Amino acid sequence: MSGLIRYVLTFAVTVLCVTRIEATTVVRFGFDSLCERAETIAHVRCVSRSSFKDDGRGEIVTRHRFRVIAPVKGNPGDEIAITLPGGTADGQRLYIPGIPEFGVDEEVVLFLTGPDGHGSPWPLGLGQGCYRVLEAQDGHARVRMQPGTTPLPAGALFKPALNRPSRPFNVPLQLFLHQIRLTIPEPSDER
């Protein structure tokens with residue numbers, strides 16, 4: 001067999017054996033845009049997490065169930081279920097950068113899209129739509145702000161210190177929820 005034919009066959013077999021890889025671009029949102037575009041916004045606590053191979057999607061997914069602590073926008077009901085790609089199942093792990101992961105008992109403020117083709121909402125802008133809630137030493141819950149990761153609301157309390165612009169900082173949860181409510185556009189009466 002000539003060298004050229006062997007090269008062409010080797011190239012063809014290699015192309016056929018390579019797994020399809022798709023690139024993803026995540027749009028950067030400002031805080032106002034995040035509030036406006038989210039169909040649902042809620043302060044929630046993760047009550048369960050389970051990973052499994054989803055034959056319909058052809059990949060490993062993780063389903064998180066959240067108990068709604070405080071609805072902020074939309075009508076989330078008492079519970080929200082989110083199924084996102086990634087996780088560990090059948091001895092395999094699928095990790096996708098940017099896809100948020102949540103631990104059981106973890107609290108977050110979620111900015112969610114409407115349901116996807118499989119019936120699950122997604123955090124808007126992936127990690128941009130997930131604000132972690134931390135319990136402070138004084139017993140008052142605080143929200144983690146991460147410049148460059150989570151969009152920051154307008155106002156002096158939401159701006160990082162000048163000497164540490166990229167470090168995370170925390171703001172009171174109630175103040176954060178109030179800022180969201182101030183930012184949500186009023187429903188229009190136009191028909």
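This is a predicted model: local features need pLDDT of at least 70, side-chain atom pairs count only at pLDDT 80 or more; totals for chains, interfaces and linings use all residues.
Residues are numbered from 1 along each chain as its sequence is written, and side-chain values use heavy atoms, with hydrogens and water left out.

The secondary structure of the protein comprises 3 helices and 9 strands; helices (H or I, at least four residues) and strands (E, at least two) are DSSP runs, numbered from the N terminus. Along the sequence, these elements follow the pattern α-α-β-β-β-β-β-β-β-β-β-α. Of the 191 residues, 37% count as buried, where buried denotes under 20% relative accessible area, exposed over 50%, and partly exposed in between (1.4 Å probe, protein chains only). The accessible surface comes to about 12,000 Å², of which 53% belongs to carbon and sulfur atoms; accessible areas come from the Shrake-Rupley method with a 1.4 Å probe, and for residues only the protein chains shown count as cover. Among contacts with a separation of 6 or more, 58% are accounted for by residues 24 or more positions apart, a contact being defined by heavy atoms within 4.5 Å.

Strand pairing was examined next. Two strands are taken to pair if DSSP finds at least two bridges between them. Strand E1 (residues 40-54) runs antiparallel to E2, to which 13 bridges join it. Within this pairing, Pro 71 in E2 is the bridge partner of Ala 42, and Ile 41 stands opposite Lys 73. The hairpin of E1 and E2 has 4 residues between the strands, and Gly 58 there takes a positive phi near 75 degrees. E1 is also joined to E6 by 6 bridges, again in the antiparallel sense, with Val 44 opposite Val 108 in E6. E2 in turn pairs with strand E3 (residues 79-85) over 7 bridges, likewise antiparallel, and Phe 66 stands opposite Ile 80 in E3. In the hairpin of E2 and E3, 5 residues lie between the strands, and Gly 74 takes a positive phi near 80 degrees.

A nonpolar core is a set of buried Ala, Val, Leu, Ile, Met, Phe, Trp, Tyr and Cys residues joined through side-chain atoms within 4.5 Å. The largest such core contains 23 residues, of which Val 109, Phe 111, Tyr 131, Phe 176 and Ile 180 touch the most other members. At least two residues of this core are supplied by each of helix H2 (31-37), E6, E7, strand E8 (141-145), strand E9 (169-172) and H3. H3 provides the largest share, 4 residues. A second, separate core of 15 residues includes Val 44, Leu 84, Leu 110 and Leu 112.

The buried residues of helix H3 (residues 173-183) are Leu 173, Phe 176, Leu 177, Gln 179, Ile 180 and Thr 183. Viewed down the helix axis, these buried residues fall within an arc of 155 degrees and therefore line one face of H3; the arc is that of the directions from the helix axis to the C-beta atoms. The face turned away from this buried side carries the exposed residues Gln 174 and Leu 182. With residues up to four places away in sequence not counted, Phe 176 touches Phe 31, Val 109, Phe 111, Tyr 131, Val 143, Met 145, Pro 153, Phe 158 and Val 171.

The structure holds 6 aromatic pairs. Rings of Phe, Tyr and Trp (its six-membered ring) pair if their centres lie within 6.5 Å; planes under 30 degrees apart count as stacked, over 60 as edge-to-face and the rest as tilted. Phe 66 and Phe 102 form an edge-to-face pair, at 5.2 Å centre to centre and with 85 degrees between the planes. This pair links distant parts of the chain, 36 residues apart, with Phe 66 in strand E2 (residues 59-73) and Phe 102 in the loop between strand E5 (92-94) and strand E6 (107-112). Phe 66 is buried at a relative accessible area of 0%, and Phe 102 counts as buried at 1%. Phe 111 and Tyr 131 form a tilted pair, with 5.5 Å centre to centre and 55 degrees between the planes. Phe 111 lies in strand E6 and Tyr 131 in strand E7 (residues 130-135), so this pair ties together parts 20 residues apart in sequence. Both Phe 111 and Tyr 131 are buried.
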